[in-house]
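Let's take a walk through this model together. Keep the viewer open as you read.

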Amino acid sequence: MTARPRVWVSRPTFPDIVARLDPHFDVVAEPREVMFSAAELASKIADCDAVIVGLKERIGAAEVAKAPRLRIVANLGVGYDNLDLAALTAAGVAASNTAGALDESVADFTWAMLLGAARRMGEAERWLRAGQWHGTRFTDWLGMDVRGRTLGILGMGRIGQAVARRAVGFGMQVIYHNRSPLPQALESECRARWVDKGELLRSSDFLVLALPLTPESRHAIGAAELAQMKPTAVLANIARGGIVDDAALADALAKHQLAAAALDVFEGEPVVNPRLLELDNVLLSPHIASASPDARRGMTTMAVDNVLALFGHGPHAGHPPTILNPEVLAAASPTTHP
């Protein structure tokens with residue numbers, strides 16, 4: 001009797017969604033959050049045909065070499081900088097992400113961060129909780145209004161576009177920078193205008209980073225870029241740690257070269273640059289922009305759909321919906337399994 005393919009799920013998620021795999025696979029799901037060492041991770045995936053992993057699991061050539069049956073790595077996230085896509089592709093292993101499942105939730109959270117940083121909400125709450133509120137002067141706690149200002153977006157993918165659409169209600173001018181402009185119809189829908197990166201930095205009152213982390217985008221915002229921004233500007237990073245040089249940002253905030261920042265992601269997370277922790281003009285959150293039930297359930301559903309589809313099951317049978325390296329699909333046919 002032929003053994004059923006084996007799926008490993010690296011973290012607790014939504015059992016009712018993962019249960020959709022049960023009719024077709026032997027499923028092993030981790031019961032608690034664990035930070036696996038490289039050796040532990042390699043051992044976990046060694047006899048798997050498919051894995052569903054989070055951003056903390058880094059899978060590359062070494063791990064793939066020890067997992068000869070592995071056919072797909074389904075990432076629970078839009079970004080996939082934890083995966084060596086070239087190594088997976090070379091090994092004939094498909095990779096997928098959850099593009100589209102979390103766009104609206106992340107865009108909502110982006111606006112919460114922008115407004116919170118602009119109006120100094122984190123600083124004010126800490127002051128209140130510390131028992132400092134004995135009265136306020138009329139000119140205390142002045143923040144920045146967002147209405148009528150210029151919103152800049154670096155990285156105008158799905159999430160950037162969702163952020164831009166929300167700016168309409170604030171009467172903001174929206175400018176953005178990508179490697180190339182969006183189609184005109186999409187620009188019109190977002191009421192956005194393409195500019196070069198220099199103009200984006202100089203003109204933005206609020207600058208949102210929504211681009212993937214790649215070797216080219218690492219430290220896309222560093223000391224030189226921060227120096228070009230307005231001293232009244234607010235920077236928000238809801239994309240990936242490493243896109244911003246956190247040490248340079250701490251310098252700029254400490255010197256009031258820009259007014260404030262809002263950060264959901266950090267270099268080396270969960271470690272946070274200690275200088276950022278000391279500053280009042282930065283609003284910090286622990287990489288939770290997609291942390292809503294709708295988004296996280298949608299992400300799990302998409303990961304499960306990708307695994308099912310690769311093995312010829314489910315609503316997308318034969319056509320994983322968010323495959324990152326479609327060139328391996330022919331080699332990933334379920335008929336190639338023992």
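Predicted model: local features only at pLDDT ≥ 70, side-chain atom pairs only at ≥ 80, totals over all residues.

Contact here means heavy atoms within 4.5 Å. Residues are numbered from 1 along each chain as its sequence is written, and side-chain values use heavy atoms, with hydrogens and water left out.

Now zoom out to the nonpolar cores. A nonpolar core is a set of buried Ala, Val, Leu, Ile, Met, Phe, Trp, Tyr and Cys residues joined through side-chain atoms within 4.5 Å; buried means under 20% relative accessible area, exposed over 50%, and partly exposed in between (1.4 Å probe, protein chains only). The largest core has 39 residues, and Ile153 is among those with the most contacts inside it, along with Leu151, Met156, Val163 and Phe206. Among the elements giving two or more residues to this core are strand 6 (150-154), helix 7 (158-167) and helix 13. Helix 5 supplies the largest share, eight residues. Helices (H or I, at least four residues) and strands (E, at least two) are DSSP runs, numbered from the N terminus. There is also a second, separate core of 31 residues, which includes Leu235, Ala239, Leu263 and Phe266.

Two of those names come back at Ser285, which sits in the loop between strand 12 (282-284) and helix 13 (293-310). Beyond residues up to four places away in sequence, Ser285 touches Phe109, Met113, Leu263, Asp264 and Phe266. Its side chain makes a polar contact with that of Asp264 at 2.6 Å (a pair of N or O atoms within 3.5 Å; within protein, one must be able to donate a hydrogen and the other to accept it, and residues adjacent in sequence count only if both atoms are side-chain atoms). Ser285 counts as buried because its relative accessible area is 9%.

Arg218, in the loop between strand 9 and helix 10 (223-228), is partly exposed, at 47% relative accessibility. With neighbours within four places set aside, Arg218 is in contact with Leu213, Gly242 and Ile243.
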